[in-house]
Each structure stands twice: as structure tokens, then as C-alpha cells.
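Dear colleague,

Please find below the structure that I am handing over to you, with its sequence. My notes on what was found in it follow directly after.

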Amino acid sequence: LFILINNYINGNQLNVDRWSAMEVGIRSLLSGEYPYTVVDHLGGRTSNFPGLFLIVLPFYLMGSVGYLQVFTFALLSWSIYSFFLQIINDSWC
């Protein structure tokens, strides 16, 4: 569901440029440009840490940096489910 929402919404119509700054930063880094001088769709510049570029790179290569949000939500949901499942299993023993 979140992947469909991510693909349905046009990010250029949003007044948020966090995703755009990350995307243009990665694109410029892959093309050999300095990533912190490139301007995004709202005229802002990226302020991301260099390590964040490496974390987001697989999602950029899959087609959208927004997939990072879907992945982290799924990871958080799985972690909470596993935590409470462990508590329930320990209390039944």
C-alpha cells in the first residue's frame, strides 16, 4: 500500500524538498559533481550526511528514494511485532 502511495503522489507538487534534495544529491554524486552545490526542485540544497547517500543509494537505483521510508516503516513494524511476540511467548512458558 505504501509503495502504491509513493508511486501515485507527484513529489514535485509537494512543498517538501527532503526527498528531492536527497535525489539530486545522489544523482550529482553518481555523475561526478559535488553533491552539496546542486539545487533541488524548490531551490534548496542538500544537507544530508555522506553516509545517508550510501544508505539511500539502493532505493534510488530501485527507482525512488521514497522507498527508504517504506523500508524503514516495514523494518520498524517487524521489530515491534517480533518484540511483542517474544514477550507473549516468554509469558506463556
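**Confidence and conventions**

The mean pLDDT of the protein chain is 83, and 90% of the residues score at least 70, where pLDDT is the predictor's confidence in each residue, from 0 to 100. Where pLDDT is low, the predicted coordinates should not be read in detail.

This is a predicted model, in which local features need pLDDT of at least 70 and side-chain atom pairs count only at pLDDT 80 or more, while totals for chains, interfaces and linings use all residues. Residues are numbered from 1 along each chain as its sequence is written, and side-chain values use heavy atoms, with hydrogens and water left out.

**The largest pocket**

The largest pocket holds about 610 Å³ of space. On a 1 Å grid over the protein atoms alone, a pocket is an open set of points where a 1.4 Å probe fits, with protein on both sides within 12 Å along at least five of seven lines, and lining residues have an atom within 4 Å of a point; grid points are joined across faces, edges and corners, and the volume is the space filled by probe spheres set on the points. Of the 21 residues that line this pocket, N6, W19, S64, G66 and Q69 are the closest to its centre. At least two lining residues come from each of α1 (2–8), α2 (18–30) and α4 (67–92). The lining comprises 11 nonpolar, eight polar and two charged residues, with Ala, Val, Leu, Ile, Met, Phe, Trp, Tyr, Cys and Pro counted as nonpolar, Asp, Glu, Lys and Arg as charged, and the others, Gly among them, as polar.

**Aromatic pairs**

There are four aromatic pairs in the structure, a pair being two rings of Phe, Tyr or Trp (its six-membered ring) with centres within 6.5 Å, stacked if the planes are under 30 degrees apart, edge-to-face if over 60 and tilted otherwise. The pair of F59 and F71 is tilted, because the ring centres are 5.5 Å apart and the planes stand at 45°. Since F59 lies in helix α3 (residues 50–62) and F71 in helix α4, this pair ties together parts that are 12 residues apart in sequence. F59 is buried at 11% relative accessibility, whereas F71, at 43%, is partly exposed; buried means under 20% relative accessible area, exposed over 50% and partly exposed in between (1.4 Å probe, protein chains only). F83 and F84 form an edge-to-face pair, with 5.3 Å from centre to centre and 75° between the planes, and F84 is partly exposed at 47%. Y34, Y36 and F53 form one aromatic cluster.

**Individual residues**

T46, in the loop between α2 and α3, is buried, with a relative accessible area of 6%. Leaving aside neighbours within four places in sequence, T46 is in contact (heavy atoms within 4.5 Å) with A21, M22, G25, P35, Y36, V38 and F53, and two of these, Y36 and F53, belong to the aromatic cluster with Y34.

M62, in helix α3, is exposed at 53%, and its C-alpha atom is separated by 16 Å from that of L52, 10 residues apart along the chain. P58 is also found in helix α3 and is partly exposed at 44%.

With best regards

Key
Helix = DSSP H or I, 4+ residues; strand = E, 2+ residues; numbered from the N terminus.
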